[in-house]
Amino acid sequence: MTILYTEKGSGLHASVGKAGHWLREENGTWISSDDKAVQAIIDGYSIEQAQALKKAEISAHATALRNRVIAGYSAGELASWSLKLGEARAFEASGSARTPILSVESSMRGVSLENLVQRVLQNGTMFSMAEAAIAGVEGFHRDALDRCTTFEEVAAYDFTAGWPKV
């Protein structure tokens with residue numbers, strides 16, 4: 001049997017390998033460990049699989065950017081940010097909302113609650129805007145991949161544009 005190879009991207013070759021087979025071109029002819037099994041993998045590899053692989057690359061890039069934004073912060077501190085921001089927003093809106101977390105922190109730091117609230121609001125806005133920008137560009141590129149209808153379009157899609165500088 002002769003392999004009828006169609007270029008479908010690196011994910012196809014990974015699928016062949018994951019199935020325990022190999023595929024390579026030698027002197028213009030595709031050879032494999034098992035022509036029938038490998039041909040079935042080639043034929044069954046879908047555009048959705050190629051898109052999913054490229055989307056995973058996009059998400060990995062977005063994750064790397066997010067990790068740069070939060071570099072130097074512990075998981076414990078990160079876990080408290082939404083709680084602190086909620087307290088700060090409530091305090092800013094009313095001037096008297098209960099702020100159990102921020103009150104303890106301001107007392108321990110020796111700064112006014114008002115000062116800490118402003119700092120939390122400023123930092124919260126900065127981190128929220130960075131996340132919104134990263135998520136927006138990630139979603140833009142993932143949506144663009146959904147509009148690709150050929151393996152060539154998926155393979156050629158360049159997702160490096162538009163990301164925020166972090």
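**Entry 1: helix H5**

I looked up helix H5 (residues 100–109) and found Leu102, Glu105 and Ser106 buried. Buried means under 20% relative accessible area, exposed over 50%, and partly exposed in between, with a 1.4 Å probe and protein chains only. Viewed down the axis of H5, the buried residues fall within an arc of 95°, so they line one face of the helix; the arc is that of the directions from the helix axis to the C-beta atoms. Helices (H or I, at least four residues) and strands (E, at least two) are DSSP runs, numbered from the N terminus.

I noted that the model is predicted: local features need pLDDT of at least 70, side-chain atom pairs count only at pLDDT 80 or more, and totals for chains, interfaces and linings use all residues. Residues are numbered from 1 along each chain as its sequence is written, and side-chain values use heavy atoms, with hydrogens and water left out.

Which residues does H5 carry on the face turned away from its buried side? I found the exposed residues Val104, Ser107 and Met108 there. The buried residues of H5 pack against helix H4 (75–94) and helix H6 (113–146). Just after H5, Gly110 takes a positive phi of about 80°.

**Entry 2: the nonpolar cores**

I then turned to the largest nonpolar core, which has 24 residues; Leu12, Leu23, Ile42 and Trp163 touch the most other members. Such a core is a set of buried Ala, Val, Leu, Ile, Met, Phe, Trp, Tyr and Cys residues joined through side-chain atoms within 4.5 Å. Helix H1 (10–18), helix H2 (35–44), helix H3 (47–69), H6 and helix H7 (151–156) each give two or more residues to this core. The largest share, five residues, comes from H3.

I listed the contacts (heavy atoms within 4.5 Å) of Trp163, leaving aside neighbours within four places in sequence: Ile58, His61, Ala62, Leu65, Ile134, Val137, Glu138 and His141. A second, separate core of nine residues includes Leu85, Ala88, Phe91 and Leu113.

**Entry 3: the whole chain**

I recorded seven helices and two strands in the protein chain, in the order α-β-β-α-α-α-α-α-α from the N terminus. The radius of gyration, taken over C-alpha atoms, is 25 Å, well over the 15 Å that the globule rule (2.2 Å times the number of residues to the power 0.38) gives for 166 residues, so the chain is more spread out than a compact globule. The C-alpha trace spans about 80 × 30 × 25 Å along its principal axes. Of the 166 residues, 32% count as buried.
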